[in-house]
Amino acid sequence: MMGYEEDFALLERFELSAKRIAELNEESIKQEMGERRENFADYFAKMARYINSCLFVYDKVKKGLDDISLDELKKINSDLYADLRNDYDKCYANTDYAEKMLGTYGQSLGFLAAELYGLSQYIFDDSLLDIVIILELFLEIYGQMKGQELPNISDIEESIYYFAFDYIEPLMEKRTKDILVFNEDSTAYKIIMKSDLSDLRYLYHYGEYISDDEVRLAEYMNTLSDKEIDDMARTYTTGMRRGFETMRVPFDDKRSVNIRYHLGQERMVKRAIEQFKDMGLSAIVNRYAVSRLVRKGVVKQGYESTPANMQFEYDHRMDEALFLDRRFMDRKLNAIRNAYEIYKKEAAEYAGPAVIETFGEETFLPKAKDTIVRLSDEQQKIFTELSSRSGQIANEYIPGDKYSFTIISYPLPSIGDKFEEIFNETVKVNNLPNDKYTDIQQAMIDVLDKAKAVRVVGKNGNETDLYVPMRVLENPDKETQFENCVADVNIPVGEIFTSPVLKGFNGLLHVSSVYLNGYLFKDLKVWLKDGVVDDYSCKNYSDMDAGKKYIKENILYNHETLPVGEFAIGTNTTAYRMAKDYDIMGCLPILIMEKTGPHFALGDTCYSHAEDKKVYNQDGKEIVSRENDFSILRSTDVSKAYFNCHTDITIPFDEIGRIYTENHDGSETDIIVDGRFVLPGTLDLNIPLDK
């Protein structure tokens, strides 16, 4: 943790760097770079101009933004993100443009540009460490590039490597503190709790890009009554509390919860903070990790807004390839452990994340580029090992059986003209009665527990044909394979799920179109053999190899294969009906989509790192299907037990021809036929489907 001397030293370094960059202008840079280096001079002139504009805004932030008009705040926001929003074709963070203009230096200088664009967030947090280290890297590389002769590319690469190597430790400590330690002086907490939320100027105090979505969402939230806001927040916060009860995890020693939300939802978040406080929990609200040094892929764990440019996010999702090797991995793992050791008390008191997701954003299909930095085969192995080992460290300090979570979802205005109707329908979906679904789902579980296997067969062009073996229960009166899942940690209701038997789990999983982990997949096919991925394809690109690479990077997370960690049947036909009525099936997040049909998750089981914790259904039966052939290795070789990912792939009801059990006596029992529930006790689920 930084003390006064460290803060003072950082301030001195900041002042020196800022003064030097303020002296840089187009003319002085051309002089120092040499006439033959026009493109490089243009790069440094553009980036220096951007830095100086950020530092000008930084001065305003430190003086206070309360008296700045809405129009001026909008202009500041627009100017900060103009390169990414309006001029990306000629932006040096665009990997194609960087390579075109800078040749072999394009990837390294493109990384530097991408890191510099994080200044737009750092300055609003007054995050001096983040600001100083990126300014110093800019000046270091500028110093190397001056003169008549270009330096070796290896010199630039070495500067980037040691930038990452030297600063990963303080950055990991800062990131861990942001997630685990309550800070009432954090940017977001002050905005939520102290701002007049009817005055939309507050949105521009975050430093995030503000689109029409954030403005219109905040405006709509301001039309809701206090009771409506209170009810929405209570559904969400009681889901968190109920998760501890369902999992039989002690709650009394928990002191904090991490709230993640989309800008514009502040009225609900403020009420949730108050409700969590009544439970004894302080609410931590932090920005997502901005720097590639501490961020994974395009994942944003923290508050967020609409990305200024999704292609920019995609272009730089693997920038760690510029510095990832085993030496760096060991350094980062040591930094993670040291950070958790510093905040081990806070980790023990951490209740978990409470997430408010959004859906309805414009579908993004990334442009495939050869210029993107990619992990080598060796780096992919290191990356997966780093993910696995960092997950193990986190589990030591925050054991999987000692915390919980909750997650709920609401639409964004960009979902269409009927946003307000869809929002209201989503509120209804999120509040469907638990008891009714408990009984319906139990009817399915009773049949599945006696089955030898389940067959899932598609229709209407869906080529799914899967054979899913079931376990033989040793004590069926006290044991079950499936969790009867209603609205607690995963809102809304409902589904039943199990960690399936892998041996003998064979066939093809096919979805015509699905949105996963922020990306659209067209005609996605996954072939399974003994419960693990054997092959895969999609039709996002005319080049099939490009499609396979797209799947490997964004579903398999660069693993060579993944097991099926979950087999489930979603029962929320009301959510399905809403999606069909408003033609938003392709917009639904996994959280809701997984409840609208059978689904299969690739990666870890739902009980990852908590397999030894006994869990029970409402009828008192123990759910015994908590592990598989991989997670059972946790006691002998934990590096092979977990994959640190879990992606649900759902087949919608209108693509389901038949789901039925194959029983030990040779008979069959239908559960779903032609997209309709046919099992006695489940027929009420067809009411929304038949409307």
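**View 1. Helix α3 packs against helix α4 at an angle of about 150°.** In this predicted model, helix α4 spans residues 70–80, and the axes of α3 and α4 lie 11 Å apart. Since angles over 145 degrees count as roughly antiparallel, this angle makes α3 roughly antiparallel to α4. The crossing in which α3 passes α4 is left-handed. On the α3 side the contact is made by Tyr 50, Cys 54, Val 57 and Lys 60, and on the α4 side by Glu 72, Ile 76 and Leu 80. Sorted by class, the contact of α3 with α4 has 5 nonpolar residues and 2 charged residues, with no polar residue.

**View 2. Helix α3 also packs with helix α7, here at an angle of about 10°.** Helix α3 covers residues 38–63 and helix α7 covers residues 106–116, and their axes are 11 Å apart. Angles under 35 degrees count as roughly parallel, and α3 and α7 are therefore roughly parallel to each other. From α3 the contact draws on Phe 40, Tyr 43, Phe 44, Met 47, Tyr 50 and Ile 51, while α7 contributes Leu 109, Leu 112, Ala 113 and Leu 116. The class count for the contact of α3 with α7 is 10 nonpolar residues, with no polar and no charged ones.

**View 3. An open sheet is formed by 8 strands with antiparallel pairing.** The strands follow the order β12-β11-β10-β6-β5-β17-β18-β19. At the edges stand β12 (532–537) and β19 (676–677), each of which has a single partner strand, so one side of each is left without a neighbour in the sheet. Helix α21, residues 544–554, packs on the sheet and touches both β11 (519–529) and β12, its direction making about 85° with that of β11.

**View 4. Strands β17 and β18 pair within the sheet in the antiparallel sense.** Strand β17 comprises residues 656–663 and strand β18 comprises residues 668–673, and the pairing runs over 5 bridges. Ile 659 stands opposite Ile 672 in β18.

**View 5. The loop between β8 and β9 contains Pro 492 and Gly 494, each reached through a cis peptide bond.** Most peptide bonds are trans. The bond that joins Ile 491 and Pro 492, however, is cis, with omega of about 15°, and the bond from Val 493 to Gly 494 is likewise cis, with omega near -5°. The strands on either side of the loop that holds Pro 492 are β8 (483–485) and β9 (495–498).

**View 6. Asn 558 and Asp 583 have positive phi values.** Most residues other than glycine have a negative phi. For Asn 558 phi is near 70°, and this residue is found in the loop between α21 and β13 (564–570). Its relative accessibility is 7%, and Asn 558 therefore counts as buried, the cut-off for that class being under 20%. For Asp 583 phi is near 55°, and the residue lies in the loop between α22 (573–581) and α23 (590–593). Asp 583 has a relative accessible area of 69% and is therefore exposed, a class that begins over 50%.

Definitions and conventions. Residues numbered from 1 in each chain as written. Predicted model: local features only at pLDDT ≥ 70, side-chain atom pairs only at ≥ 80, totals over all residues. Heavy atoms only, no water. Pairing = 2+ DSSP bridges. Helix = DSSP H or I, 4+ residues; strand = E, 2+ residues; numbered from the N terminus. Contact = heavy atoms within 4.5 Å. Axes fitted to C-alpha atoms, helices over the stretch in contact; angles between N-to-C directions. Parallel < 35°, antiparallel > 145°, perpendicular 65-115°, else oblique. Nonpolar A, V, L, I, M, F, W, Y, C, P; charged D, E, K, R; others polar. Buried < 20%, exposed > 50% of the residue type's maximum accessible area, 1.4 Å probe, protein only. Left-handed = near helix turned anticlockwise from the far one by under 90°.
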